[in-house]
Amino acid sequence: MRTRNQTRPYDGKSDQMRIVFAIGFLLLALVGSVGTASAQEGGPTPSPDEVNAIAKNLYCPVCANVPLDVCGTAACAQWRQQIADLLTEGYTEQQIYDYFVQQYGPSVLAAPPASGFNWLIYALPPAVLLLAAFFLGRGLLNWKSEPVKGHRATKKSSNKYRQRLENELKARR
Amino acid sequence: MLAWGFLIVLLALVAAQLRSAQRGVLTRGEPAPEFTLITFEGETIDTEDMTGKVVLVNFWASWCKPCEQEAEALQTAWEMYSDRGDVLFLGVDYVDTEKEALAYLERFGITYPNGPDIGSAIYYAFRARGVPETFIINKLGEVAFVKIGPFEGLAEITSQIDLLLEP
């Protein structure tokens with residue numbers, strides 16, 4: 001008969017399991033700490049495609065109308081490296097655009113921000129289209145409802161001729 | 001009537017913008033724009049620090065090869081005037097990255113105050129058109145000399161500054 005505090009017979013397998021678990025735990029802890037350290041130092045180095053995906057939306061500071069991803073000047077090379085550095089530091093795409101606008105001004109963007117005089121670029125085309133539609137519609141309505149002069153008798157003239165006709169008929173009788 | 005009003009307002013806006021864009025760089029005799037430069041060391045230099053001084057404002061960038069032609073001459077000129085107290089040189093680093101800019105300053109041993117042009121605000125205030133460009137401001141705060149491109153040598157810099165200093 002077994003009592004509660006009766007020890008289990010020695011089992012070599014369970015000790016081995018403990019050692020395996022302990023080593024596994026240590027390895028996991030080690031991997032975790034290495035992962036944390038590398039995260040503190042920054043993310044992985046971004047690929048050229050990742051850099052160019054952002055660079056294509058920015059413009060060369062010295063050449064006219066040349067996107068940063070295809071620009072061959074030293075200034076563009078420095079900016080692309082700057083994008084890579086910021087990506088490594090964990091900046092998001094939007095944060096990188098914001099950084100470039102803050103550092104170098106809004107002219108670096110492919111599309112100007114809708115502020116100041118720039119709002120006209122966004123507001124003007126739809127406004128012109130709406131105005132054109134309004135005037136076209138009004139013109140069409142006026143054109144359709146306008147009577148054709150000289151071909152249709154008015155009510156007044158119609159009554160006048162009717163009265164004359166009746167008078168003449170009476171006179172003949 | 002509404003359409004005509006809209007068109008007139010629009011044309012006025014476009015004309016104002018075009019006029020602003022066509023003004024070109026600051027010219028001699030124009031008042032120098034007010035600006036604040038925060039140097040790479042974190043020092044703030046504003047218009048009050050420039051009052052009563054001859055101020056040389058040099059726009060440059062580390063990627064700009066012509067800027068290298070005048071870098072040594074500018075530093076030599078600064079060393080000639082720095083003890084007087086009535087001459088100030090300011091380097092404005094245009095659309096540049098800080099690491100390369102600091103390397104450039106170290107390479108040419110430049111010691112006068114230099115800082116990044118945040119948002120290109122100073123560049124636009126001076127209506128500059130590229131780098132290098134240099135503006136020399138007299139003690140009254142007016143633009144006295146404009147140099148588009150690099151200085152040809154030390155003599156060109158000192159001759160312009162000496163003209164603005166009392167004998």
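## Buried or exposed

Buried means under 20% relative accessible area, exposed means over 50%, and partly exposed lies in between, using a 1.4 Å probe and protein chains only. B:S120 counts as buried, because its relative accessibility is 1%. This residue sits in the loop between β5 (114-116) and α5 of chain B.

This is a predicted model, in which local features need pLDDT of at least 70, side-chain atom pairs count only at pLDDT 80 or more, and totals for chains, interfaces and linings use all residues. Residues are numbered from 1 along each chain as its sequence is written, chains are lettered from A and ligands numbered from 1 in the order in which they are written, and side-chain values use heavy atoms, with hydrogens and water left out.

## Chain A in outline

Chain A has 6 helices and 0 strands. Helices (H or I, at least four residues) and strands (E, at least two) are DSSP runs, numbered from the N terminus. Read from the N terminus, the order is α-α-α-α-α-α.

Chain A holds 173 residues, and 16% of them are buried. A contact means heavy atoms within 4.5 Å. Take the contacts in chain A between residues at least 6 apart in sequence: 42% of these join residues at least 24 apart. The accessible surface of chain A is about 13,800 Å² (Shrake-Rupley method, 1.4 Å probe; for residues, only the protein chains shown count as cover). Carbon and sulfur atoms account for 60% of that surface.

## Helix α3 of chain B

Helix α3 of chain B covers residues 65-81, which makes 17 residues. The expected span is 1.5 Å times one less than the number of residues.

## A surface patch

B:W4 lies in helix α1 (residues 2-21) of chain B. B:W4 is exposed, because its relative accessible area is 59%. Together with B:L7, B:I8 and B:L11, B:W4 forms a nonpolar patch on the surface, with about 460 Å² of accessible area. Patches are made of residues with over 30% relative accessible area and no salt bridge; like charges are joined within 9 Å, and nonpolar side chains (Val, Leu, Ile, Met, Phe, Trp, Tyr) within 5 Å. A salt bridge is a side-chain nitrogen of Lys or Arg within 4 Å of a carboxyl oxygen of Asp or Glu.

## Backbone exceptions

Most residues other than glycine have a negative phi, and most peptide bonds are trans. B:S120 has a positive phi, near 55°. B:V95 has a positive phi of about 30°. B:V95 lies in the loop between β4 and α4 of chain B, and is buried at 3% relative accessibility. The peptide bond from B:V131 to B:P132 is cis, with omega near 0°. B:P132 is in the loop between α5 (121-125) and β6 of chain B.

## A buried valine

B:V92 belongs to strand β4 of chain B. It is buried, at 0% relative accessibility. Leaving out residues up to four places away in sequence, B:V92 touches several residues, including B:L37, B:F59, B:W60 and B:I122. B:V92 and B:V131 are 39 residues apart in sequence, and their C-alpha atoms are 10.0 Å apart.
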